[in-house]
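Reader: I would like to learn how to read contacts, cores and salt bridges in a model of this kind. Please show the structure first.

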Amino acid sequence: MSNLLTVTDLSMAFGGLVAVDHISFAVKLGSITAMIGPNGAGKTTVFNCVTRFYTPTSGQMVLTPEPESALDLHTLSPYKVAKKARVLRTFQNIRLFGQMSVLENVLIGQHNLLMRASSCSVAGLLNLKRYRTAEKDAMDLAMGWLEIMGLTEDANRPAASLPYGAQRRLEIARCLAGRPRLLCLDEPAAGLNPKESLDLKNLLKTLCYQHGITIFLIEHDMSVVMEISDHILVLDYGRLLAQGTPEAVRTHPDVIRAYLGEDAA
Amino acid sequence: MLSFLPPRFLASSYAKIAGWTLVAAVILFPFFVLQAVDHNGQLSLAPMTYRPYVLAVLGVFLGLCAVFFLPAPLRALGQSCPDFAVSDVQKKGLQVLLVVGLLLLPLVSNRAELDLATVVLLSVALAWGMTIVVGYAGLLDLGYIAFYAVGAYTYALLSTDYGVSFWVALPLCALLPAALAFCVGFPILRLRGDYFAIVTLGFAEIVRTLLINAQSITGGPNGVAEIPRPTLLGWGAADLDERMMMLYVLALAWAVVVYFVMRRLRVLPLGRAWEALREDDIAARSLGVNVHRMKLSAHMIGAMIAGICGAFFAAKQGFVSPESFTFLDTAFLLAMVVLGGMGSPWGVALAATLIVALPEVSRSFADYRMLFFGMVMVLVMIFRPRGFATARRPSVVYKPASGEKTS
Ligand SMILES: Nc1ncnc2c1ncn2[C@@H]1O[C@H](COP(=O)(O)OP(=O)(O)OP(=O)(O)O)[C@@H](O)[C@H]1O
Ligand SMILES: [Mg+2]
């Protein structure tokens, strides 16, 4: 398998605080990669750098969707990371368009496609056939993902009125509508009950192995991480403590020390 | 800070009323009382109009008194005041009724009434334009009136100085405000929302001061008079009645155009993106929405609508002066948008009609307009914090049985 995302020597400092300290890793195409680590280890900061919400202090981030084409994420502004590179993300604290309906939320995921179809609103204002077809296709795609997420019934409800677990799923559906090459999920299992957590595991496997979407996730729930990931990165104080298969990481002495304290080692 | 006061007093309604009245008095002070004025060519901040200020604060005070001392049953009634929930059929009926009424109006009304109706229609169109900026995109534009002013002066000056006809000048009255909106918005819309509010406030004040001071071009405080009235294919020049009729028809047509454009934009990807960035611009950006460009487009489209409204205003009045474009006018527009319920065209139209027409209907009411205003604002904020029309309609609706359908 080739590397989809290659990060080399990434650092991010906030004033004196070095949140991410010279880390290098790769996310393989068509795999599930997880990033774990204690609170404040710098996991979300890595996501923010990759999606260009932050400009890293140093380092390279390259996306290689096809062998012959490479995109330097450094040169893209945040919205272009989503539009051109199609790296889409969810947030640790869910960010939905609360007053808008569930379906509208998912349609925003297809914003650029629909904008083009409506010729920046000209074809849309005139209600040309071209735009109507594109809108219908977008609705079908959106409803397709909502069905997979079990949200068909809620399509017309305001997003903010959904229960917590459904909000998490909606946030993922919204990304999926944007046809992601790399899907970055920031603690997708946080706050879910055991049943929802199990469903999430199956969902992520389906997305990766049936829909071919490469997944990069941050997670605290070890049962989720160990079961579904192909590759695990362990972060501690901004440094990459260890990486490898779940088996290798589980038995890595540094990881045991960091997670269970000095005595356990 | 106020701990020297007895706790029983601090917890009482009296303290709350006094406190909130004080807050209102402080917040309103700079807007009403401090205005840039011209002192023999020198610009200075000078206390201008105490009366509206005092009345507005008094209104807030009375509104608060009403809220706190209302008998419990009345209060409950206010709080449970139902939504104006009308079914689609009723809505269609009301709309048809309204359009027929508006078309018949010129036949049954006298000159003064027709003139008022024209003013109301233009104000509604202007408030709708501001709804796009403030209600949809969530940009607090405190200088919206400046684009109205630019549109009005563009037509006024082009027609009086260069003899350009109304219909030729009209596109320019849209393009010039849009260009200005671009220049102001491009750098500022990258920053946080608060900066936008402050900068637009300053921008409007700059425009007004320029209009006052560029005496040789704009006529200064005296304004521009004898602006030629437009004609429509030769119609509207015969006598006063015909002219007023034509102005009314133009204003009505323009309001209808704005209505359809804003309704249509809302259900397009552009309008959805506006609402999305109002809800959460970080999430919108993470999904590939060019937030800066979307904000700029809302700002510019709003400015275009304001510019054309301004041109109609200048054409209707035949006279423009800087006095018509103060911050107070923006505040009234903002009140229409907020009272109407952010983003609801009918709510905004109702609020605009009330705010514009009531003072005209009764002169004595006009004197106490600010009093009434402060009071209503307090009552609405308490009882209907989201405006007259509270329910948001989704831009698309999924209909399971018969497949999907766009609304
Ligand atoms: N914008 C910022 N400005 C200053 N410091 C920041 C900023 N963002 C993150 N940090 C700091 O960087 C460090 C890493 O934060 P980060 O959010 O990446 O941790 P995390 O691994 O995601 O933790 P958690 O598991 O709690 O989500 C923290 O010490 C945090 O305070
Ligand atoms: Mg985090």
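Author: Begin with a pair of charged side chains: A:Arg239 and A:Asp21 meet in a salt bridge, with 3.2 Å from N to O. A salt bridge here is a side-chain nitrogen of Lys or Arg within 4 Å of a carboxyl oxygen of Asp or Glu. A:Arg239 lies in strand E10 (residues 239–244) of chain A and A:Asp21 in strand E2 (residues 17–28) of chain A, so the pair ties together parts that are 218 residues apart in sequence. Helices (H or I, at least four residues) and strands (E, at least two) are DSSP runs, numbered from the N terminus.

Reader: What should I know about the source of these values?

Author: The model is predicted, so local features need pLDDT of at least 70 and side-chain atom pairs count only at pLDDT 80 or more, while totals for chains, interfaces and linings use all residues. Residues are numbered from 1 along each chain as its sequence is written, chains are lettered from A and ligands numbered from 1 in the order in which they are written, and side-chain values use heavy atoms, with hydrogens and water left out.

Reader: How many salt bridges are there over all chains, and how many between chain A and chain B?

Author: The whole structure has 18 salt bridges over all chains, and the count between chain A and chain B is 2. One joins B:Arg392 to A:Glu104, the closest N and O atoms being 3.0 Å apart. B:Arg392 lies in the segment after H18 of chain B and A:Glu104 in helix H3 of chain A, so this pair joins two chains.

Reader: Please show me a salt bridge inside one helix.

Author: A:Arg257 and A:Asp254 meet in a salt bridge of 3.3 Å, N to O. The two are 3 residues apart in helix H11 (residues 253–260) of chain A, so about one helical turn separates them. A:Arg257 is partly exposed at 31% relative accessibility, and A:Asp254 is partly exposed at 29%. Elsewhere, salt bridges that share partners join A:Glu104, B:Arg266, B:Glu275, B:Arg278, B:Glu279 and B:Arg392 into one network.

Reader: How is the interface as a whole described?

Author: Start from contact, which means heavy atoms within 4.5 Å. The contact takes 40 residues from chain A and 34 residues from chain B. Buried area is the accessible area (1.4 Å probe) that two parts lose on being put together, summed over both. Between chain A and chain B this area is about 3,300 Å², and carbon and sulfur atoms give 64% of it. A polar contact is a pair of N or O atoms within 3.5 Å; within protein, one must be able to donate a hydrogen and the other to accept it, and residues adjacent in sequence count only if both atoms are side-chain atoms. Between chain A and chain B, 10 residue pairs are in polar contact (both at pLDDT 80 or more).

Reader: Which element gives the most to the side of chain A that touches chain B?

Author: H6(A) does, with 6 residues. The residues on this side divide into 20 nonpolar, 12 polar and 8 charged. In that division Ala, Val, Leu, Ile, Met, Phe, Trp, Tyr, Cys and Pro count as nonpolar, Asp, Glu, Lys and Arg as charged, and the others, Gly among them, as polar.

Reader: What is a nonpolar core, and how many residues has the largest one?

Author: In soluble globular proteins, nonpolar side chains tend to be buried together. A nonpolar core is a set of buried Ala, Val, Leu, Ile, Met, Phe, Trp, Tyr and Cys residues joined through side-chain atoms within 4.5 Å. The largest has 171 residues, and those with the most contacts inside it are A:Leu103, A:Leu146, A:Leu207 and A:Ile215. Helix H6 (residues 111–136) of chain B gives the largest share of this core, 15 residues. A second, separate core of 28 residues includes A:Leu4, A:Val27, A:Ala41 and A:Val81.

Reader: How does a polar residue look when it is buried?

Author: Take B:Thr154, found in helix H7 (residues 144–162) of chain B and buried at 11% relative accessible area. A polar atom of the B:Thr154 side chain lies 2.5 Å from the backbone oxygen of B:Val150. Beyond neighbours within four places in sequence, B:Thr154 is in contact with B:Leu172, B:Cys173 and B:Leu176.

Methods
Buried means under 20% relative accessible area, exposed over 50%, partly exposed in between (1.4 Å probe, protein chains only).
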